[in-house]
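Please look at the sequence and the model together before reading on. The report below begins with a question and then moves from one part of the model to another.

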Amino acid sequence: MTATDWATAVLLPLGALFALTGTIGMVRFPTLLGRMHASTKPDTVALLLILAGAAFRLPDLRTALPLALVAVFQFMTMPVLAQTLGRVSYTRGMVVAEHLVTDELEDALEKRRAESGRTGTGPGERD
Amino acid sequence: MNAVNGAGMRLLGRLPMVLWLTVMWAVLWGDASPGTLIAGFAVGAGCYVAARLPHLPVRLRFRPLWAVRLAVRILWDLLASSVQMAYFTFDRPHRVRGAIVAVPLRTDSDLLMAMVSGGLSLVTGSQTIELDREGGVIYVHGIPIRGEGDVPRLRRDVRRIEELFVRAFGSTADIADFEATEHAMHAARAAGREER
Amino acid sequence: MNALDYSFAATAVMLGASVLLAVYRLVRGPSVLDRVVGLSTVSVLLVSFIALQVAVRGDSSYVGVMVTIALLGFVATLTAARFAERRAHDRD
């Protein structure tokens, strides 16, 4: 076994371990946002590690370059999905208040509702 | 004459996107011969025209040093938050609580705001819930938050990521804007503290 | 079998277990959005599986398949999320 083989032998299972803990987290966390946090980031790390492991098995940079494209793609799509899911989960009322220490979006929405309801008598300025 | 110039400028503005599509095409084909590049350019331009993609007036600069700092920060945070979430996966996940904080942004460039809001879902336990573009306020969900004491840390993380994005990609005007708002906020905070 | 083969086997087993867990979330829900999260995880895991194939075979000609699955997963997840959002608005 060469040094690059050893790199592959370490990177692949490490990546898969991240994927496994991430999905276990997705099953175990009780709230939607917790599940998202638990799965999206470890998944990305897992994919990066496995892609890196695969790249070490390829003969040269030219054949390994397309793998970088997959990584870049993941980095571009993951935030878009996370953001969309975050917004939708809030508008659908999937965010459970008891799992939040503070919710300043709810405060802001309440303030806006109060202001549109009876103009001029909204709550005082913050700070 | 003006119309021709306008069309020319429009094409020029779209060129970077088409070039990027061409590069992806070449990478996917796994070869960079002139034939592949020309075909890629044609397909890219064709798709761009057919899809009528909006033309973004991209006024960005690229500062390699700050971009590297940003990349290191994001990669490190990605790894750290994965390990952290893995820990809580096995240590009573039902007791982990989060928080949604409102952080006023200091940049008013739409593109930079979008980048910050996307980038936040990659860093330690944070994720954008809502972006109020007119008000320049971003609502971020953070996890894990053990109590009120962790809230300022989340706020600081968000502001740090914003600064890195602005300094890595913002135009000179964006940075000047950012610093002016930063000073104003700082002064307001200091004034508030003195009154108390 | 050398260490490399063991690592391939371990990776395949762990990824397989992950897919099963993600499918559990996809099937059980309970909400549409939980299913969407499960779906996006499954698609990332499939891409990882093909990356494992690339490593086993030492052949990068699977990249097209990877990009295709990633793209399909992305579009499917985004569509499902947007659909859920529209239904939320209709309900109001």
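Which residue stands opposite Val137(B) in β3(B)? The residue that stands opposite Val137(B) is Asp132(B).

This is a predicted model, in which local features need pLDDT of at least 70 and side-chain atom pairs count only at pLDDT 80 or more, while totals for chains, interfaces and linings use all residues. Residues are numbered from 1 along each chain as its sequence is written, and chains are lettered from A and ligands numbered from 1 in the order in which they are written.

**Strands of chain B**

Strand β3 of chain B covers residues 137-142, where strands (E, at least two residues) and helices (H or I, at least four residues) are DSSP runs numbered from the N terminus. Of the 6 residues of β3(B), 5 are buried; a residue is buried if 20 or more other C-beta atoms lie within 10 Å of its own, exposed if 12 or fewer, and partly exposed in between, with C-beta atoms placed from the backbone. Two strands pair if DSSP finds at least two bridges between them, and the pairings of β3(B) are set out here.

| Strand | Partner | Sense | Bridges |
|---|---|---|---|
| β1(B), residues 98-104 | β3(B) | antiparallel | 6 bridges |
| β2(B), residues 126-132 | β3(B) | antiparallel | 6 bridges |

Val103(B) has Ile138(B) as its bridge partner in β3(B). β2(B) and β3(B) form a hairpin with 4 residues between them, and in its turn Gly136(B) has a positive phi of about 65°.

**Domains of chain B**

Chain B is divided into domain 1 (2-51) and domain 2 (64-195), with bounds that come from an automatic or database domain assignment. The centres of these two domains of chain B, taken over C-alpha atoms, are separated by 35 Å.

Arg57(A) lies in the loop between α2 (32-55) and α3 (61-91) of chain A. Arg57(A) counts as buried because 21 other C-beta atoms lie within 10 Å. Although Arg57(A) and Ala7(A) are 50 residues apart along the chain, their C-alpha atoms are separated by 9.1 Å. Apart from neighbours within four places in sequence, Arg57(A) is in contact (C-beta atoms, placed from the backbone, within 7 Å) with Thr8(A), Ala55(C) and Gly58(C).

The contact between the chains takes 44 residues from chain A and 43 residues from chain C. On the side of chain A that touches chain C, the largest share, 15 residues, comes from α3(A).

How values were computed. Contact = placed C-beta atoms within 7 Å.
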